[in-house]
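Q: I've just opened this one up. Can you walk me through a few spots?
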Amino acid sequence: MFFRNCLVREMEFRGNFMANCATTVAWLIYYLFFIEIVYALTDQVAGWTKGESLVLAGSFSLSWGLMNALFSPNLSRLPEEIQKGTFDLVLTKPVDSQFLATARMVNLAEFARTLMSLLVVAYGVREAGIQVNVVNALAYLVLMACSIMILFGIDSLIMTLSFWLVRIRNLDAAFWSISVMARYPVDIFERTLRNVLTFFLPLAFVATVPARGLARTLDLWMLPAAVAIAGSLMVASRLFWLKATRSYSSAGG
């Protein structure tokens, strides 16, 4: 029902919808040109071949696109709804408030990015000569699911702060600006920053680790670590949401 309503709304402004699709795809093409320029001068960057970097870029764009298509439009509306009191309507509905608040709006234009991203991953697999079998394909799917869960968990934790804080958009914008680092292999960063991006702000699990899973260069600890981190963030976001809604007393309260 959510998808149908959003499709009807988008089709009322088809020109705007097509422009949004073109913009999202253009950004992906721009980054692919960047990869082409870098690998015109060398065969490897920090051990990553051109094909593997394409798989990584496509994986990052896929996670980013699905997050922007399914969850970001809803999470970004949360501060305004709380401040205006319209969030009260969410609490009166006979469905889970977190599900309704985070999944009712769909940005259909972002699906153009996800389709292009899948093509980039496929091209990267071919360029790198990766032999895809059941094991590495399954590992990749699990790691990509963890990637989206990690992005959702972190962004949900940040936006839930809007139940107590008025100006939360700057913190959210800062997170998304930093998360762009996930489009690069963590191996290119020096050791301290690499450890931060792996264990503190786990952006390494957004694209680098899934790409390694598909290329069969994954360390044994990475798959269970990705599942544990993603699961922990989802549980934390759920518990934080329940605490926030219990303390919510509406804009007039």
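Q: Is Asp-219 buried, exposed or partly exposed?
A: This is a predicted model, and in it Asp-219 comes out as partly exposed, because its relative accessible area is 36%, between the 20% and 50% cut-offs.

Q: And where does Asp-219 lie?
A: In the loop between α12 (208-215) and α13 (222-247). From the C-alpha atom of Asp-219 to that of Val-209 is 9.0 Å, and the two are 10 residues apart along the chain.

Q: OK, new topic. How do the axes of α2 and α8 cross?
A: The axes of α2 (residues 14-39) and α8 (residues 110-128) come within 7 Å and cross at roughly 25°. The angle is under 35 degrees, so α2 counts as roughly parallel to α8. The crossing is right-handed.

Q: Which residues make the contact?
A: On the α2 side they include Cys-21, Leu-28 and Glu-36, and on the α8 side they include Arg-113, Met-116 and Tyr-123. By class, the contact has nine nonpolar, two polar and three charged residues.

Q: What about the largest nonpolar core, which residues touch the most other members?
A: Phe-87, Phe-163 and Phe-175, out of 63 residues in that core. Helix α9 (residues 134-160) gives the most to it, with 11 residues.

Q: What does Phe-163 touch, leaving out residues up to four places away in sequence?
A: Leu-78, Ile-82, Phe-87, Trp-241, Ala-244, Thr-245 and Tyr-248.

Technical notes: Residues numbered from 1 in each chain as written. Predicted model: local features only at pLDDT ≥ 70, side-chain atom pairs only at ≥ 80, totals over all residues. Heavy atoms only, no water. Helix = DSSP H or I, 4+ residues; strand = E, 2+ residues; numbered from the N terminus. Buried < 20%, exposed > 50% of the residue type's maximum accessible area, 1.4 Å probe, protein only. Axes fitted to C-alpha atoms, helices over the stretch in contact; angles between N-to-C directions. Parallel < 35°, antiparallel > 145°, perpendicular 65-115°, else oblique. Left-handed = near helix turned anticlockwise from the far one by under 90°. Contact = heavy atoms within 4.5 Å. Nonpolar A, V, L, I, M, F, W, Y, C, P; charged D, E, K, R; others polar. Core = buried A, V, L, I, M, F, W, Y, C linked by side-chain atoms within 4.5 Å.
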